[in-house]
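Here are some notes on this model, for your next look at it. Please read them with the structure open.

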Amino acid sequence: YFVAGYLGLTSAMCWCLMLNGFIGFQWSEDGTALSLWTFRLSSLLIFGLMYFISIATFKEVGSFDKGHPIGLFILYFIFNPFCLAVYVVLQIILVVNTLDEYWPLGNICFALVFFIIGQVIQIFLSDKICNAIKHYVDGVFFGTICTLLSVMMIYKYWDSITKEDLEFSVGGKGNVWEVKELLHEDDEFAPYAGQAANTIGHSGVAFANTNSYYGGGGQQQQAYMPQQQQYATPQQQQQQQQQHQLQPQQQQYQQQAYPPY
């Protein structure tokens, strides 16, 4: 039953990949209910068909014979490669006729080469590898690694042809950055968009007295007084009060020395 499930999932994956190759030709808008349910129902049908044929072949139900699994071989060795070949051809046509650069073709070629190498190792070289390594590892191990690399290159290809290519940017296509909205004056970070006027603090601590000129003149904010003031000694409090009294004069002097743009 596990083998039948594996074969069914493999065929469903190949079928789903082939249908995904038609999405680029806009036969149906990606993400709509029509395209999603077409993927789901058809993939479920392919999985059920392959699962039934596998179980019927293993248990020799009706005319199915496990000594001559013709139906199983047709689906696994003919139907699956056919779906993959259709997907590769469709993507080559899509890249050549639609895109301005041919870098994604390299990803498709690498995926195809890795897949073919994995299948050759798994089907034709598995016994030789198993005997050479004294039955520790067989061709399934190396075939699975190559299949994983092939899937990774398929993802790399998909990422390279999408618009939001911010992580794996190749070729001459620039990244797409969008400015959602402008920053308003009442926002939390609006003062940082303007010009920082004065920086006056106590005990070497800097406090920004920011005058925002973003989108027109703004109102000056009062200087922030640290909370440590309530724990200060009377002498320190007196010094703080003197500095606070001198603060408007210092602000006026700095604004005259460094007028805003």
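1. Lys134 sits in the loop that joins helix 5 (126–132) and helix 6. The model is predicted. Phi of Lys134 is near 60°, a positive value in a residue that is not glycine. Lys134 has a relative accessible area of 64%, so it counts as exposed, the cut-off being over 50%.

2. His135 belongs to the loop between helix 5 and helix 6. His135 is not a glycine, yet its phi is positive, about 65°. With a relative accessible area of 58%, His135 is exposed.

3. The largest pocket has a volume of about 860 Å³. Its lining has 29 residues; closest to the centre are Met13, Leu84, Phe115, Gln119 and Thr147. Helix 1 (2–23), helix 3 (70–98), helix 4 (103–123) and helix 6 (139–161) each give two or more residues to this lining.

4. What classes of residue make up the lining of the largest pocket? It has 21 nonpolar and eight polar residues, and no charged ones.

5. The second largest pocket holds about 580 Å³ of space. Of its 26 lining residues, Gly24, Leu94, Trp158, Ile161 and Thr162 lie nearest the centre.

6. Which helix gives the most to the lining of the second largest pocket? Helix 6 does, with five residues. Helix 1, helix 2 (33–59), helix 3 and helix 6 each supply at least two.

7. By class, the lining of the second largest pocket divides into eleven nonpolar, nine polar and six charged residues. The lining of the largest pocket, by contrast, has no charged residues.

Technical notes. Residues are numbered from 1 along each chain as its sequence is written. This is a predicted model: local features need pLDDT of at least 70, side-chain atom pairs count only at pLDDT 80 or more; totals for chains, interfaces and linings use all residues. Side-chain values use heavy atoms; hydrogens and water are left out. On a 1 Å grid over the protein atoms alone, a cavity is a set of points where a 1.4 Å probe fits but cannot get out, and a pocket is an open set with protein on both sides within 12 Å along at least five of seven lines; lining residues have an atom within 4 Å of a point. Grid points are joined across faces, edges and corners, and a volume is the space filled by probe spheres set on the points. Helices (H or I, at least four residues) and strands (E, at least two) are DSSP runs, numbered from the N terminus. Ala, Val, Leu, Ile, Met, Phe, Trp, Tyr, Cys and Pro count as nonpolar, Asp, Glu, Lys and Arg as charged, and the others, Gly among them, as polar. Buried means under 20% relative accessible area, exposed over 50%, partly exposed in between (1.4 Å probe, protein chains only).
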